[in-house]
4 protein chains.
Amino acid sequence: MIIVLKPDVTQEQKDYIIERMHKLGLSPHVSRGVERTIIGVIGPEDVLRVTPLEAFPGVEKVLPVLAPYRLVSREFKAEDSIIDLGKDVKIGAGKVVVIAGPCAIESPTLLREIASQVKKEGVMVLRGGAFKPRTSPYSFQGLGQEALEYLKQVGDELGMVTVTEVMDPRDVKMVARYADILQIGARNMQNFNLLREVGETQKPILLKRGMSSTIKEWLMSAEYILSGGNFNVILCERGIRTFEDFTRSTLDVSAIPAVKYLSHLPIVVDPSHAAGKWNLVPALSRAAVAAGCDGLIIEVHSHPEEAFSDGVQSLLPEKFTQLMQELRILIKAIGRKI
Amino acid sequence: MIIVLKPDVTQEQKDYIIERMHKLGLSPHVSRGVERTIIGVIGPEDVLRVTPLEAFPGVEKVLPVLAPYRLVSREFKAEDSIIDLGKDVKIGAGKVVVIAGPCAIESPTLLREIASQVKKEGVMVLRGGAFKPRTSPYSFQGLGQEALEYLKQVGDELGMVTVTEVMDPRDVKMVARYADILQIGARNMQNFNLLREVGETQKPILLKRGMSSTIKEWLMSAEYILSGGNFNVILCERGIRTFEDFTRSTLDVSAIPAVKYLSHLPIVVDPSHAAGKWNLVPALSRAAVAAGCDGLIIEVHSHPEEAFSDGVQSLLPEKFTQLMQELRILIKAIGRKI
Amino acid sequence: MIIVLKPDVTQEQKDYIIERMHKLGLSPHVSRGVERTIIGVIGPEDVLRVTPLEAFPGVEKVLPVLAPYRLVSREFKAEDSIIDLGKDVKIGAGKVVVIAGPCAIESPTLLREIASQVKKEGVMVLRGGAFKPRTSPYSFQGLGQEALEYLKQVGDELGMVTVTEVMDPRDVKMVARYADILQIGARNMQNFNLLREVGETQKPILLKRGMSSTIKEWLMSAEYILSGGNFNVILCERGIRTFEDFTRSTLDVSAIPAVKYLSHLPIVVDPSHAAGKWNLVPALSRAAVAAGCDGLIIEVHSHPEEAFSDGVQSLLPEKFTQLMQELRILIKAIGRKI
Amino acid sequence: MIIVLKPDVTQEQKDYIIERMHKLGLSPHVSRGVERTIIGVIGPEDVLRVTPLEAFPGVEKVLPVLAPYRLVSREFKAEDSIIDLGKDVKIGAGKVVVIAGPCAIESPTLLREIASQVKKEGVMVLRGGAFKPRTSPYSFQGLGQEALEYLKQVGDELGMVTVTEVMDPRDVKMVARYADILQIGARNMQNFNLLREVGETQKPILLKRGMSSTIKEWLMSAEYILSGGNFNVILCERGIRTFEDFTRSTLDVSAIPAVKYLSHLPIVVDPSHAAGKWNLVPALSRAAVAAGCDGLIIEVHSHPEEAFSDGVQSLLPEKFTQLMQELRILIKAIGRKI
C-alpha cells in the first residue's frame, strides 16, 4: 500500500503515521519526491485495509497495490477451475455449457415440454425459477417449493442437471435438496448472509453479477463463498446498468476476458436478461462465445405471450434451435466443444 | 397502457391483440395514425403489467400510462406521512430530524461517548451498526447481538431513539426487540424477502436507496413494505453509482424534490456514505436540508483513525458540532425547525 | 404522440390543449380512462417535438410514438447501405472490413512499417491520427497537416484506403484532400457544426459513438450528416462510460444488433479504445464479429512502449497477425467474408 | 508515479524499466514487498504521463501520485480566483451571482421582457442562446448573429452583463464582440480546438461540465483555457448522465465542495438543465447555494409553452421571483451576499 502525503504535511503527522505502521507490524518506507512525500508500506495489505488510513491527518490518498481478493485470483490458482455439475457435466473444462429453460416454472407440463425441446438440442442443464425476485409486490413471485418438485422430477426424467435461484438464507438447505446448482441472483450478489449460507454447502453456485457491481466487487462476493469452503463457484455476467435504455442492461462482454485474466473461476453469460429483448439474444450469445465464455444461460419458452415472467426476452423453441445450430458451427470454428 | 404497433402489422395480428385484451376484461381503443396504429387500453394496468405484450407479434413497444406503485404515491395519499419514532420524535412533520452516531458499534464506552456528544447537539436519534454488510469477507462484520444490547442500553440511558441495520430475514424479530427503527441497507433494497419480513412488523423502517436503483424502483421496494401492512417507511437517499470517482457515490439531491412530488413518505439523506469523505459531509448536509429533506443521517466518530469501519467518512464530534450550528441557522432561515 | 393528463386536470386546461393541437394542424383524440385521461395526437411528430407540451398546465407526461430520426432508419430504407470507400473496398456488403494502424502518425517510416505489416494480413484500410484530441493540453496533439501528407503518401504507395480524424470544422476541406474517410471522434459526436460541415462533403464518414450517448442520440448525429446530403455514414461503437473501471470504457456489444435493427447504416467496432488494454482486444474483436459488425478498427504499433499516444492499447504486429488468423476462421464459420 | 510490477516479472524486465527511467532523467526507487515489487519514480510526472508505462513487459499497473492539472489547482493558487465580469459584477468574491434569462433568444421584445423581469429581482447577468446545440437537425438551431445583436442591445439598455454560448471556433471572435461572457456547452467541454480558441481571448469563459465527464477531466478542460493564457474561467455544473431517468441529468451537488477543494476557480450551477423540469429548479437552486456555489444560471421564460427550446424547464417570472425571495433569505443565513 502506498500512502501519498499532503504537500503541507507536518513532520509530526509523518512520524505519527510511521509509528502506527510499526505498531501494526508493517515496514514503512518513506520517499521524498519533488512535490509529494510518499510512504510505501510493506506487509499484509489486509491489516491496512481495515485501518482507515485516509482519516489520518496529513494523508492525501492511499493507493492499494494488491487486489482485495485472494482465493478467487489467478495468482492463488493458475489453472482454470473445472466444476463438476453432476450427471457427467463439467464446466470450465473447454466445452461450452448451455443452460436453458423457462424464466419461471409455471406447470410440470410446460416445464417438461420446454425441457424436452432444449434437450433435443443437446442442452444438459435445465434452468427454471421457483422463487422470483420481482420489483413489484403485485407480480407473480414463483410457485416456490412446488416448482422445485417439478424441476427435480423433470431433471430426473430427462437426466438433466438443474439450476434454480435461492433468495433467502432460510431456503438454502431446502433448495439444495431439489436442485443441482444454486443460483444467486443479481440483486443478491451482495446479500452477504446468503453468500455465507451457500458457502457452507458443497453445491455448485451460479453467482450473477450485480447490476451496478464492478468486476472487483463481484470477485469479492465469490471470495465470500470460497472463503466459506465452497470452491464450486461459476460467475455469471448478466449485464450492468448504464444510461442506455434500448436494452434492459448493457452486456459487459469485456468482463469475459477480464475475469479470465483475474480469476480461475468459470464464467457464463446470460444474454436474455442483459438484452431484455429476445431478438438480440442470438447476437449476444454468439458474441459471448466468441469472447471465450464457458457457458450460456438462455431463457426459452414455448408460449412467451403467456409466460408469467419475462416473456419478452424468451426465445421460442424454434429460434433456440436455430441459435444452437449457429453456436455449434461457431464453437467448432474457435476450437472448442459443446 | 398504450400499445404501439409495427408499421407492417397485419390485420390478423391486430385482431388477435384486441381479442386478448377483451378476454382480460379490458377495453382496447384503436387509433390509426399516419405512420403507426396504436391501441389504447383502458382498465387496470396491473393486469397488463403481467402480460408480456411486447412478446405479441406485431407489437413495436408498450408505453405505460400509470406508475407501477400505488400505496406509496401522492395520488393515494395527498398529505405528507408523519411517522412516530417513539420518545416524542416524529419525522415528516416539518422538523428536520438529525440521526447521528458511529458507523459500527465497537464498544459500549465508545458508543456512549459518541452518543452523549451528539445528544448535546440536540440529536434525538442514535445510529450504530451491529451487522455490517462488508464487501470483503475478511473485514470486520459487526459485533451482532452484543452490539444491539449496547445500543439499547445507551438509547435507554440517554432517552434516544435508536436505528440499526437488519440484513437477514431471520434476524428481523430479534433486532426489532432491541432497536426502535430498522434500517434496510442499500445492498438489500431489493432483498424482497427481507422487505416482506419488515413489512410484517409495525416498526419504522429506514429504507436506503440501492446504489443503482431508480427512484421508481426504490418506491416499488417501499411498496413491498406498505403492501405488507407497515406504512411506517422512511426513505433514505445515500448516493447512486456513477462514473465519477472523486466521491464514493454521487448524492442525488434531486431525489429529494422528486420523492416529495411522487410520494407522501418522508425522506432523509445520508451524506456520509454518499461522499465517502468527511470533508464533503457539511456541504452535502446543507444542500440536502435546503432541498427539503426531512432528516439527515450522519456518521460521527471520536477516533475515526481507529474506527473499525468507514473512519474516512466520519465527522469528529467537534466538526459535527460546527455543522449543527450551521444547520440550525439554515433550518431556521428556510422556515423549518430542528 | 400521447399526452397523459394529470388526474386533477381541469376542463379548461383540456380544452386549451385541444385547441392548440388544432391550431398546429393536428388531430387530437381524447380517451378517458379510469385513472387518467389521455390525448392521442395524430399528425407529424416533428411539429410536436418543438412544442414543449410538458410545459402546458394539466399535462403529466408526453409519450412519443415515433423515433426522432428518419433518414437513418430501417423504415426509411429497408436494405443495408453499402458504402464505397474507394480502391475497391466496400463496407456493408457482407465482408468484414478491418481497419488498422497506429493511434497517431509519428513518422513516415514508422507509419510505412506498420502499414506494410497490417497490409500483409489483408488489411485494406489504414488508420492514423494527425489531429489527436487529448484530455491534457500538455500531451502530444498530433503532427497535423504534416501527418496527413505521410498518410496520403503511404496509402498511395500501398494502395490502401485511409481514415483519419477531423476535429475542427475549419479543417474539413483540407483533411478531405488527403484522406479517403473522415473520422468524427467520440468527443465530437455532438459537435453539430462539424457534423454539418462533413455532411456537405461526399466523403465516407466514420462516426464514433459519444462516450455517454444513447444509440438514439448517435443515430440523431448520423441524421445530421445524412440530412446535409451525405449518406455515406459508417457508425463506430467504441465503448460507453460506466462505473466499471477495469476497462477504459464498456464495449456495448448489444449496439451491433440494435443498430442493425434500427438503421440501414453499417457499423464497425473499435475494441482498442473500448478496452484500453491490448490484451482484451482479441476477445472483443471476436465478440464484435460474432455479433454481426461490418468491420473493426484496431490499433497496431510496432513499438507500443514508444508510442506517443495510446501505446497501452495497441497490438504488436505479431499479436495482430495472430488475431487475424482467428478472425479469418471465425468469419468463414459465420458465413461471411473478410 | 508508482509502477507496480507483475509477480512474475524478470530481472531483465526490471532492469530495462529502470534504465528507461534514467534515460528520461528520472530517479527510480525499487521496493521489494512480500507479494509485489514496486518502483517509485521521482521527477516530473508529465514526462511519465506521455510514456505508456503499462505497455512495458513486466508492468502490472501504474499509479499516478499527482493530479494531471496544474494551473487550475489549489496547489498552484491557494486563494479563490475572483473574476471580473464587467459592469461592476465580480464572481468568486463571496457574493452569489445569479444569471437568468431565456434558453434561446427568440425576439428582441421577448428578451427585453424577460430581462426586465429578472433585473427587477436583482439579476445582473443575462443569459440567452444565439447558437443552440440541438440533438435533432430538424429542431430550432438559434437565430445566430441576429440574436447576438438583440442580446447586446438589451444588455446595454439594462446595464446587464451578458453570456451566450459559442459552439464553433470560427465564431469565437465574432461572439466575443457581442457578449461579455462566452459559454462553452456541455457537449463541447472536450472540443479542444474551441477551448484553445477561447483561451486566446481574455473574456470570462463559463465552462460547462460534460455530461459524462469526471471532475478531473473537467478541470483538465479548464487547464486548456488557462494554459492558453486566459485565467478567467468559471466552472458550471449542469448534471451528469446516470441511469436515473426521472430527471434529465443527475445534478452532482458534491462537485461544488469537490471543486472548491481541488481548484481556485469559481463554480456556478445550472439547475434548469440538470433537472429538465421547472418544478425541481427551486429545490436544486437552494441546494446548490447551501453547498457553497458562487452562482446559479437559471432559465426563465414568460411563455414557456411557446418557447422554441427547453420550455419544460423554464421558470415563469413569478416563480423566479418567489425563488429569489427564498434565495435571499438563505444566502443571508449562510453569511453570504447576493
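Predicted model: local features only at pLDDT ≥ 70, side-chain atom pairs only at ≥ 80, totals over all residues.
Select helix α6 (residues 192-199) and helix α7 (residues 215-227) of chain C: their axes come within 7 Å and cross at roughly 40°. α6(C) and α7(C) are therefore oblique to each other. Turn the view to follow the crossing, in which α6(C) passes α7(C) right-handed.

Now show the side chains at this contact. From α6(C), pick C:Phe192, C:Leu195, C:Arg196, C:Val198 and C:Gly199. From α7(C), pick C:Ser221, C:Tyr224, C:Ile225 and C:Ser227. Color them by class: the contact of α6(C) with α7(C) has 5 nonpolar, 3 polar and 1 charged residues.

Next, bring in chain D. The contact between chain C and chain D takes 38 residues from chain C and 38 residues from chain D. Keep α6 and α7 of chain C selected, for each supplies at least two residues of the side that touches chain D. Which helix gives the most to that side of chain C? α7(C) does, with 5 residues. By class, the side of chain C that touches chain D divides into 19 nonpolar, 10 polar and 9 charged residues.

Move on to chain B, keeping chain D in view. Here the contact takes 34 residues from chain B and 34 residues from chain D. Select α8 (255-262), α10 (281-290) and α11 (317-333) of chain B; these are the elements that give two or more residues to the side touching chain D. Stop at α10(B): the largest share of that side, 6 residues, comes from this helix. Finish by coloring the side of chain B that touches chain D, where the residues divide into 22 nonpolar, 8 polar and 4 charged.

Methods:
Residues numbered from 1 in each chain as written. Chains lettered and ligands numbered in written order. Axes fitted to C-alpha atoms, helices over the stretch in contact; angles between N-to-C directions. Helix = DSSP H or I, 4+ residues; strand = E, 2+ residues; numbered from the N terminus. Parallel < 35°, antiparallel > 145°, perpendicular 65-115°, else oblique. Left-handed = near helix turned anticlockwise from the far one by under 90°. Contact = placed C-beta atoms within 7 Å. Nonpolar A, V, L, I, M, F, W, Y, C, P; charged D, E, K, R; others polar.
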